[in-house]
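Please read it alongside the sequence and the model shown here.

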Amino acid sequence: MVGREGLLARARARLADGGSVLLPGPAGIGKSTVLRALAAEFAAQGQLLLRCSPTASEAQLPFLSLIDALGPVVDEVADGLPLSQRSVLDAALTGRSGAVEHGDGLALRLAVLSVFRALAARSPVLLVADDMQWVDPPSAELLAFVARRVGGLPIRMIGAVRTETAGERPDRDGAPDLERHLRTLPPPALVLRVPPLTPAQVSELLGRRRRPALPGAVLREVHRASGGNPLFALELGRALTELGAAPRPGDPLPVPTSLRTLVLDRLRTLSPEARTTLLVASAGARPTPALLRAAGRDDAEAELARAAELGVVEADHEPVVRFTHPIVSAALYAEASPRDRRAAHAALARAADDPIERARHFALATVGRDGQVADTLSRAARVARERGAPATAARLGLLAAERTPEHDPRAIARRLDAAEDALVAGEPEFARQTAQEVLADATRPADRVRAWIAVIDSAGQAMADVDDVFPQALADAGGDPRLLAPLRYQLAWHALLASGSLPRARTEAATAAVLAAESGDRRTELLALSFQTQTEVLMGHQNAEQTLAAALAAPQDPQVACDHNGPGYSRFRWLLMSDRLDEARAAVSSLARLAEQRGAVEGQMLFLRGLAETELRAGRCANALESAHDSLRLARDAGVGEGPIRQLVALAEAAGGSVTRALALAQDAVWRAEEDGDVLYLARSLYALGHARLTGGDAEGAVPLLRRSREMEERQGVADPAQSYWHVDLAEALVRVGEPDAAQQVVDEARAVALRLRRGGVLAVLDRAEGLVRAARDDLDGAAQALRAAARGLGGLGYRVEEGRAELALADVEFRRGDPAAGRAGLDTAARIFRRAKAVPWLERAVASLAAATDAGCRVDDGPGPGGARTVGGTAPPGLLDSLAEMERRVATLVLEGATNREIAARLFISVKTVEATLTRVYRKLGIRSRVDIVRLASRGG
């Protein structure tokens, strides 16, 4: 199953509590699949399953559903029933003793109730009923009688009932009548409607069924047409597989005959004129009754009213005619002949007021190449581009190219325009396919280089996939600086993403900027200067500020204003790394709004990601999570850039959401970066995974990940520690595993660079790491001093979560110094900071630590997070655990408190195997053989 985890969890919980579950939903939505999964789970627990699954043809056969459910088991308990009950039950279930007389109704009800009670006395009973809308009335009445009288017995029921589907008349008032079905379920019954799948879930479903990989635009169209219905989506996917190739942009989806039959049977009663009206409506983007009348459908209102009675369109036609399900519209269009479709589009072209709609219908109403049609489409594409609808512009541009007469050079230019619009709209497959068609025909170097660049851009983060493109593109460019400049700019990105070399990337970008200036290509010059700025910032290069000024200098190009690699984004990164959080937020928020207005999907994704990163540093965790997940949704819909965004979402989850989700997201980001060969984001994703593990209390698991991230960034040439805070996380993890000297080295190296670059935020978090190192060396006064400085510095800069972490560590030191009042005050301060920041995982730890400190008086356990757990003047005698590493001390301390291995694993957010391995090291270091010996050592005072 795909996308049903939450639904299954809620159903399990209700069944485990002794309740029942009803699953309503339209045909194909997946009710039966959920039903079977739940039944299998409870059968595996040794419970008795009774099943019935009636059909429409069986709905009028009395007692058939009851026969299905009780027939296989009734003989096991029948001998215990009174003779009168056995007789009527035998008559109902087998018919051997004749029909059940009307006067025997009560006896039959009591007999069925007795059977259920007898079965429940032997084993918990789960009745599984599929397609409850076809349960015969006598069976339904008996089940309702039983349901009202089995309270307190282990008898539950899960049922699925079909509501209206596409093309069917809904029940009265447009909603299914579930009350009569609920009466047959033992209470308390929970109604769980089975929801449609999301676009990402439809993509996963098709992938699991071995459907071919489909372009993102086609997947979105499958989701739209199916309405998220798994059955419809699978049928559409099967039709696409049989088609052998993805439909071209703008072409209708192939709707298989099975779906056409399912949704169009009811239309057979409509007049030919009414069916034509519905076809015209299906061909329109936003058909209104007025538009249909203008398109020659004079009786549109009456015909729509008849269609609404059949459940084909919504009853309320104003302001737009809406079909009851998208598959109805798709099936109507697919069923029509090409001639009828062209006639529908011709009528809409005459009626439409909007120039874009008029041009699209004009093109779809004609066959072959036509210069006038092509010019109309090209003008409409320009209008769509200006309106901020690049996806529409791409489709109109491709139509314009296909209608352009042969040998007209504008055909290639229009294809290239369409490819570039598709890139802006976040449709890389469309762009790549269109550009490759140009390369098959074009001979002019300028056209070929432009097409090669579209192919390169369509690769996204997977720049290693286009290694072989650059030699061909450079050969086409020859020595022309106008053509070489954009190629050198692309080579800069290739050097960064595929090779991970900042110096090489900077050199290529600088070369591109010079070539672009020489040829008067200001757009490429601005992009190259912006990229050069970002590489120099990461390298800690002395020219970074000067290059940024050049990128921001006049004249600017409006096309670059909201480009995801433009000067505006470079300025934002500079502000963020310079601790100017308010200015950074304003800058990136403005970019995000501009990208949304222009329909620049990739830019919008990146700017939302940047906004999330800014909010995260400022300790606005809820805002960070919202922006990060918004960015991820865009990436999923577009099918590009998920890996880098998942890395940031993981950091946001670790700070303000769920550590478990953070671990899963970060691990997925690592896999994606490795698959794409994206060494830049592999290093950053390793940091995110290491940070999540450290946040979850697994310092041992974090150290190798953070060390690998460090090694990769050093090889890449990343020098500025403000890029990410792996330095302080690595230092902290090293302290936790008992390597304070290595931690101090990390702090010293990062501090030297941060001082040179004047990175105040980095220096403040390094003060926190310094405090942890000093505490590990038992320099408690020095640790307290460093941690107070860290808290002041971070608070002044607005880094709330980091400030709270410093206060949390300071509280631990205060307890160790023998000042429990100061320790509790520190925990209270940390909790207040985390609460304001909505830093949920950290707040939970601070509150738990405060409660433990209040209860124990002199003992504080700040939970499974990076603060570690210490026993101060508590159960462990002085010196007993001094030889142990931090994680070993924490595990041993919990052993002394009587915790089991499983409880220790839960409290420290590590696996039971890690607990066992840690205890093995503890035994070896203390010269003992079991956890009992730890307690014995403690009782003897060490």
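## Overall make-up

Residues 24 or more positions apart account for 66% of the contacts in the protein chain that have a separation of 6 or more, a contact being a pair with heavy atoms within 4.5 Å. This is a predicted model, in which local features need pLDDT of at least 70 and side-chain atom pairs count only at pLDDT 80 or more, while totals for chains, interfaces and linings use all residues. Residues are numbered from 1 along each chain as its sequence is written, and side-chain values use heavy atoms, with hydrogens and water left out.

The secondary structure of the protein chain comes to 47 helices and seven strands; helices (H or I, at least four residues) and strands (E, at least two) are DSSP runs, numbered from the N terminus. Along its principal axes, the C-alpha trace spans about 95 × 90 × 40 Å. Of the 942 residues of the protein chain, 56% count as buried, where buried means under 20% relative accessible area, exposed over 50%, and partly exposed in between, with a 1.4 Å probe and protein chains only.

## Surface and charge

The protein chain exposes about 38900 Å², and carbon and sulfur atoms supply 51% of that area; accessible areas come from the Shrake-Rupley method with a 1.4 Å probe, and for residues only the protein chains shown count as cover. The mean positions of its 118 positive and 121 negative charges are 2 Å apart. In that count Lys and Arg are positive and Asp and Glu negative, while His and the chain ends are not counted, and the place of a charge is taken as NZ of Lys, CZ of Arg, CG of Asp or CD of Glu.

## The five-stranded sheet

Five strands form an open sheet in the order E2-E3-E4-E1-E5, with parallel pairing; two strands pair if DSSP finds at least two bridges between them. At the edges are strand E2 (48-52) and strand E5 (189-191), each of which pairs on one side only. Neighbouring strands of this sheet are turned by 15° against each other on average, with direction ignored; axes are lines fitted to C-alpha atoms, for helices over the stretch in contact, and angles run from 0 to 180 degrees between N-to-C directions.

Strand E1 (residues 20-25) runs parallel to strand E4 (residues 155-162), and five bridges join them. Within this pairing, Leu23 has Ala160 of E4 as its bridge partner, and Leu22 stands opposite Gly159 in E4. E3 and E4 likewise pair in the parallel sense over five bridges, and Ala129 also stands opposite Gly159 in E4. Because seven of the eight residues of E4 are buried, this strand is largely enclosed by the rest of the structure.

## Helices on the sheet

The bridges between E1 and E4 number five. Helix H2 (residues 31-44) packs on the sheet, touching E1, E2, strand E3 (125-129) and E4, and its direction makes about 165° with that of E4. Helix H6 (residues 105-122) packs on the sheet as well, where it touches E2, E3 and E4, and its direction makes about 145° with that of E2.

## Backbone details in loops

The peptide bond from Pro187 to Pro188 is cis, with omega near -5°, and Pro188 has its place in the loop between helix H8 (179-182) and E5. A cis peptide bond also joins Ala554 and Pro555, with omega about -5°; Pro555 lies in the loop between helix H28 (544-552) and helix H29 (567-577).

Asp131, a residue other than glycine, has a positive phi near 50° and lies in the loop between E3 and helix H7 (137-147). At 24% relative accessibility, Asp131 counts as partly exposed. His407 has a positive phi near 70° and is found in the loop between helix H20 (390-403) and helix H21 (410-424); with a relative accessible area of 79%, His407 is exposed.

His181 is found in helix H8 and is buried, with a relative accessible area of 5%. Leaving aside neighbours within four places in sequence, His181 is in contact with Leu22, Met132, Gln133 and Val161.

Gln604 lies in helix H31 (residues 601-617) and, at 14% relative accessibility, counts as buried. With neighbours within four places in sequence again left aside, Gln604 is in contact with Ala592, Ala595, Glu596 and Leu634.
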